[in-house]
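Me: I would like to learn how to read a structure like this one. Could you take me through it step by step?

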Amino acid sequence: MKTPGQAVWTKVDRYFGDLLVPIDDALDAALKANEKGGLPQIDVTPLQGKFLEFLVRAIGARRVLEIGTLGAYSTIWMARALPADGRLVTLELEPHHANVARQNLEKAGMADRVEILVGPATESLRILENTGAGRGVTFDLIFIDADKQGYPEYLTWALKLSRPGTVIVADNVVRDGEVIDEKSEDPRIQGVRRFVEMVAAEPRLSATVLQTVGEKGYDGFALAVVLS
Ligand code: SAH
Ligand code: DHB
Ligand code: MG
């Protein structure tokens, strides 16, 4: 068999997706609303959404932080896996994305456990750290999926908002293999490279990277657990 490429990745994603990700009206409606609202189709795939759900359940997360909401597709996956008193805070720069996300969360019945903070993530993180309710608060799972240039700074914040056992996940760290181009002039690639180097050098973290293929191409997740 010749080396499988995009066509096979897509078929295999559909094969496992059909078996493991039942048709879901709220998630399908969210993707339709995103399209109608002109949002870019850069949400995680269904099987990746289920992976995020799996993580929330596996670690028994009660508090989740997401950096990069888009239309809340990944948000809905994670929020659903929380216990009834669980909370998810998600950060989004674009007011239009946040509005679509809010409607999608309402339709999915998840609006009561999700808070969307609108604005540059770094500002929202500062507010999160300083406001009364957020002071001294830590998260059990932190999903980094906003602008790739910002990843190094988001890692610093993630560590600040962590406790031993917190799991940090970062999307899109492979980018069709572009990550290995050390001379890349793309600031997104340099952001991801710097992020991974910081993770590697951080004694508080134990980390790995899982390369992924599927209907949205070749990419990967960085996965780290906070040790101390
Ligand atoms: N997690 C989503 C996809 C997020 S796409 C999902 O899988 O469904 C990345 C999002 O990050 C976009 O909506 C973009 O507007 C947002 N973003 C970009 N720069 C940002 C910043 N500086 N602060 C907060 N959000 C940002
Ligand atoms: C892009 C961002 C993402 O978070 C993603 O999963 C895919 C693509 C982008 O900015 O191109
Ligand atoms: Mg992403």
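Reply: Happy to! This is a predicted model, in which local features need pLDDT of at least 70 and side-chain atom pairs count only at pLDDT 80 or more, while totals for chains, interfaces and linings use all residues. Residues are numbered from 1 along each chain as its sequence is written, chains are lettered from A and ligands numbered from 1 in the order in which they are written, and side-chain values use heavy atoms, with hydrogens and water left out.

Me: Which residues coordinate the magnesium ion (ligand 3)?

Reply: Look for donors, meaning N, O and S atoms within 2.8 Å of the metal (3.2 Å for Na, K and Ca); water is not among the atoms, so sites may look incomplete. Here Asp 145 (OD), Asp 171 (OD) and Asn 172 (OD1) coordinate the magnesium ion (ligand 3) at 2.0 to 2.1 Å. Along the sequence, these donor residues follow the spacing D-x25-D-N.

Me: Is Asp 171 buried or exposed?

Reply: Buried means under 20% relative accessible area, exposed over 50%, and partly exposed in between (1.4 Å probe, protein chains only). Asp 171 has a relative accessible area of 5%, so this residue is buried. Asn 172 counts as buried because its relative accessibility is 14%.

Me: How many residues surround ligand 1?

Reply: A residue is near a molecule if one of its heavy atoms lies within 4 Å of it. There are 22 residues around ligand 1, and Ser 74, Glu 92, His 97, Ala 121 and Asp 145 are the closest.

Me: What lies 2.8 Å from a nitrogen atom of ligand 1?

Reply: A polar contact is a pair of N or O atoms within 3.5 Å. In this case, a polar side-chain atom of Ser 74 lies 2.8 Å from a nitrogen atom of ligand 1. An N or O atom in the His 97 side chain is 2.9 Å from an oxygen atom of ligand 1. For Tyr 154, a polar side-chain atom lies 3.4 Å from a nitrogen atom of ligand 1.

Me: Where is Leu 70 found, and what is its phi?

Reply: Most residues other than glycine have a negative phi. Leu 70 has a positive phi, near 50°, and is found in the loop between β1 (63-67) and α4. Helices (H or I, at least four residues) and strands (E, at least two) are DSSP runs, numbered from the N terminus. Leu 70 counts as buried, because its relative accessibility is 11%. Asn 172, one of the magnesium donors, also has a positive phi, near 65°, and sits in the loop between β5 (167-170) and α8 (187-201).

Technical notes. A polar contact is a pair of N or O atoms within 3.5 Å; within protein, one must be able to donate a hydrogen and the other to accept it, and residues adjacent in sequence count only if both atoms are side-chain atoms.
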